[in-house]
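Here's a quick briefing to read alongside the model. Have the sequence and the 3D view open as you go through it.

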Amino acid sequence: MAFDKDNIIAQLKDASITDLNDLVSSIEEEFGVSAAAPVAVAGGAGADAGAKDSFDVELTAAGDQKVKAIKVVREITGLGLKDAKGLVDDAPSMVKEGVTEDEANDIKAKLEEVGASVTVK
């Protein structure tokens with residue numbers, strides 16, 4: 001039996017909502033699956049947070065020592081002076097994305113040491 005994807009799509013486009021609903025019900029029954037969107041369990045979010053393996057570091061405010069914050073941002077990101085200044089001036093802004101938890105905490109500590117406010121997401 002040949003599988004003609006284009007023919008199936010054309011048939012689905014012409015089907016009524018009732019026909020599509022019946023099709024979904026039949027597929028669910030035949031294959032033992034559900035078309036319902038997965039729903040997060042209230043306690044599940046906390047358990048998954050511990051398993052997170054990449055973090056984003058956001059500079060929320062430069063603080064009183066803006067020049068020092070710019071220097072730290074340059075050190076962390078490798079950006080030039082103009083780009084680092086722009087990142088600090090435009091806070092809140094992402095300093096680094098997709099880093100390990102240890103690196104995120106290290107970056108946060110360095111920025112907070114010069115008076116900046118940082119959020120790790």
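**Starting at a salt bridge**

E103 is partly exposed, with a relative accessible area of 31% (buried means under 20%, exposed over 50%, partly exposed in between, using a 1.4 Å probe and protein chains only). E103 forms a salt bridge with K96, and their closest N and O atoms are 3.1 Å apart (a salt bridge is a side-chain nitrogen of Lys or Arg within 4 Å of a carboxyl oxygen of Asp or Glu). K96 is partly exposed too, at 28% relative accessible area.

Some ground rules: this is a predicted model, where local features need pLDDT of at least 70 and side-chain atom pairs count only at pLDDT 80 or more, while totals for chains, interfaces and linings use all residues. Residues are numbered from 1 along each chain as its sequence is written, and side-chain values use heavy atoms, with hydrogens and water left out.

**Overall layout**

- The protein has six helices and three strands, and from the N terminus the order is α-α-α-β-α-α-β-α-β (helices are DSSP runs of H or I with at least four residues, strands are runs of E with at least two, numbered from the N terminus).
- Of its 121 residues, 18% count as buried.
- Take the contacts between residues at least 6 apart in sequence: 66% of them join residues at least 24 apart (contact means heavy atoms within 4.5 Å).

**The strands**

- β1 (residues 55–61) pairs with β2 (residues 93–99) in the antiparallel sense over four bridges (strands pair if DSSP finds at least two bridges between them).
- In that pairing, L59 stands opposite S93 of β2.
- β1 is also joined by four bridges to β3 (residues 117–120), again antiparallel, and there A61 has S117 as its bridge partner.

**The nonpolar core**

- The largest nonpolar core has 20 residues, and L59, V88, V95 and L111 touch the most other members (a core is a set of buried Ala, Val, Leu, Ile, Met, Phe, Trp, Tyr and Cys residues joined through side-chain atoms within 4.5 Å).
- β1, α4 (66–77), α5 (81–89), β2 and α6 (101–113) each supply at least two residues of this core, with α4 giving the largest share, five residues.
- Setting aside neighbours within four places in sequence, L59 contacts residues including V88, V95, S93, S117 and V118.
- As background, nonpolar side chains in soluble globular proteins tend to be buried together.

- F3, I8, L12, L23, I27, F31 and V33 make a nonpolar surface patch of about 680 Å² (patch residues have over 30% relative accessible area and no salt bridge; like charges are joined within 9 Å, and nonpolar side chains, meaning Val, Leu, Ile, Met, Phe, Trp and Tyr, within 5 Å; areas come from the Shrake-Rupley method with a 1.4 Å probe, and for residues only the protein chains shown count as cover).
- α1 (5–14) and α2 (17–31) each supply at least two of the patch residues, and the largest share, three residues, comes from α2.
- F3 sits in the segment before α1 and is exposed, at 69% relative accessible area.

- K110 and D106 meet in one of them, at 3.6 Å from N to O; both lie in α6, four residues apart, about one turn of the helix.
- E112 and K108 form another, with the closest N and O atoms 3.9 Å apart, and they are likewise four residues apart in α6.
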